[in-house]
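Please open the structure in your viewer and keep the selection tool at hand. The stops below proceed from one part of the chain to another.

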Amino acid sequence: MSNEQPGKTLQGALIGCGFFAENQMRAWQDLAGVEIVALCDRDPQRLARFQALFGIEDTFTDAETMFAALSGTLDFVDIATTTQAHATLVPLAARHGAAIICQKPFAGSLETARRLIELCADRGVSLGIHENFRWQRAIRQTIEALRSGEIGRPFFGRISYRSGFDVYRAQPYLAEVERFIIEDLGIHVLDIARALFGEVERLGCETTRVNPEINGEDVATLMLRHEDGVTAVVDCSYATRLADDPFPQSLIEVDGDRGSLRLRQDFKLEIHDAEGRCAVRDVRPEPPAWSESPWFPIQQSVLAFQADWLEAQRLGRSVETRGDDNFNTLALVDAAYRAAATHQIVVPERWGR
Ligand SMILES: NC(=O)c1ccc[n+]([C@@H]2O[C@H](COP(=O)([O-])OP(=O)(O)OC[C@H]3O[C@@H](n4cnc5c(N)ncnc54)[C@H](O)[C@@H]3O)[C@@H](O)[C@H]2O)c1
């Protein structure tokens, strides 16, 4: 990243010093023109660990106390807690006029999501959802190849995320939740589907729990009918045993009327044309210095999302995954659970409709 960004350095606070926030902190430290000046976590041990790791003096175990102490000095807040806390933390930040970045899933229900989006809009506060999957280099390149018309008009898509990686080790709460793979991982894959094919008219979904040690579903298969006519399959599994486990890669197939795209494992993007030729592009991400295997594609996307958020702040534009846009991704999650419970095709809610 360039170290010469014009304008004032944006000052922010991080709330939630847990597993994933470490990536967010590393990414902030890689970016010029932004500084995290305060940390908050209700768990003093996690707070102390982040304080030592990142050398930040100002720490708070309570967000309200933090805002009171730093009133008027914070340009933004990066909320990296799990979902439950968002319904309190987003309004609190909005009251203090700080721009908000909030982790996904940004609300536990569509009703809460609607309330938080409207409240931020009323206060003129920007609300960006930390939806990073569409910022993975391989996925971004696939989106761009499709959008630039390389395979013509798409009519079929498949986005597949199948792995046996032990996600419960770093995130033990994932074994406890009643709603697991669609809400935690499927939400990202559904967001990729929206980035590729636009809004969804209707969807069907079936789920299964394979791992008996967990409470929620660890396998989900969805069929989406997009408004522009694409039929897409979104399939997710954390119960798939593979010798060459692709974690955490999403694999993508798109068929268009002038060719096909295949995003294969290990970052190979194939573009097949109507004459039967195939060009293969290397879309491997350039991993940040602090990244590690197998997480590096995700860590690269965290840095890319935050870089784009920063640029958006400077230019006065919104990010792609602002609150009202992300509402439509959250609505697909909601629709998927309704479809799975009823075995019916469901029409998802849509922002502004
Ligand atoms: N985008 C991705 O690729 C990705 C990957 C993993 C996790 N996540 C998301 O990140 C979020 C956090 O996940 P995690 O695994 O880091 O969770 P975590 O439990 O490890 O960390 C959350 C932290 O927030 C703190 N916290 C909770 N409520 C708080 C409050 N009111 N005030 C202050 N601190 C509070 C907790 O004490 C904890 O330290 C989740 O929503 C998860 O879905 C995203």
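In what order do the 6 strands of the open sheet stand? The order is β3-β2-β1-β4-β5-β6, and the pairing is parallel. Please note that this is a predicted model.

**The open sheet**

Select β3 (58-60) and β6 (127-130), which stand at the edges of the sheet. Each has a single partner strand, so one side of each is left without a neighbour in the sheet. With the sheet displayed, compare the directions of its strands: neighbouring strands are turned by 25 degrees against each other on average, direction ignored.

Next, select strand β5, residues 99-103, together with β6. The two run parallel and are joined by 4 bridges.

Is Val34 buried or exposed? Its relative accessible area is 9%; the cut-off for a buried residue is under 20%, so Val34 counts as buried. Now display the residues that touch Val34, leaving aside those up to four places away in sequence: they are Thr9, Leu10, Trp28, Phe76 and Leu310. For Thr9, a distance can be displayed as well: the C-alpha atoms of Val34 and Thr9 lie 5.0 Å apart, although the two residues are separated by 25 residues in sequence.

**Helix α7**

Select residues 181-197, which make up helix α7. Where is the kink in this helix centred? The kink is centred on Ile187 and amounts to about 45 degrees. Then colour the helix by accessibility: 16 of the 17 residues of α7 are buried, so the helix is largely enclosed by the rest of the structure. Just after α7, select Gly198, where phi is positive, at about 85 degrees.

Continue to strands β12 (residues 259-264) and β13 (residues 268-273), which pair in the antiparallel sense over 6 bridges. Arg262 can be selected here, with Glu270 of β13 opposite. These two strands form a hairpin with 3 residues between them. In its turn, Asp266 has a positive phi of about 65 degrees.

Strand β13 also pairs with strand β14 (residues 278-282); the two run antiparallel and are joined by 5 bridges. Select His272 to find its bridge partner in β14, Cys278. The hairpin of β13 and β14 has 4 residues between the strands, and Gly276 takes a positive phi near 85 degrees there.

**The whole protein**

Along the principal axes, the C-alpha atoms fill a box of roughly 60 × 45 × 45 Å.

Of the 353 residues, 54% are buried. Among contacts with a separation of 6 or more, 67% are made by residues 24 or more positions apart.

Note on methods: Residues are numbered from 1 along each chain as its sequence is written. This is a predicted model: local features need pLDDT of at least 70, side-chain atom pairs count only at pLDDT 80 or more; totals for chains, interfaces and linings use all residues. Side-chain values use heavy atoms; hydrogens and water are left out. Two strands pair if DSSP finds at least two bridges between them. Axes are lines fitted to C-alpha atoms, for helices over the stretch in contact, and angles run from 0 to 180 degrees between N-to-C directions. Buried means under 20% relative accessible area, exposed over 50%, partly exposed in between (1.4 Å probe, protein chains only). Contact means heavy atoms within 4.5 Å. The bend at a residue is the angle between axes fitted to the seven residues ending there and the seven starting there.
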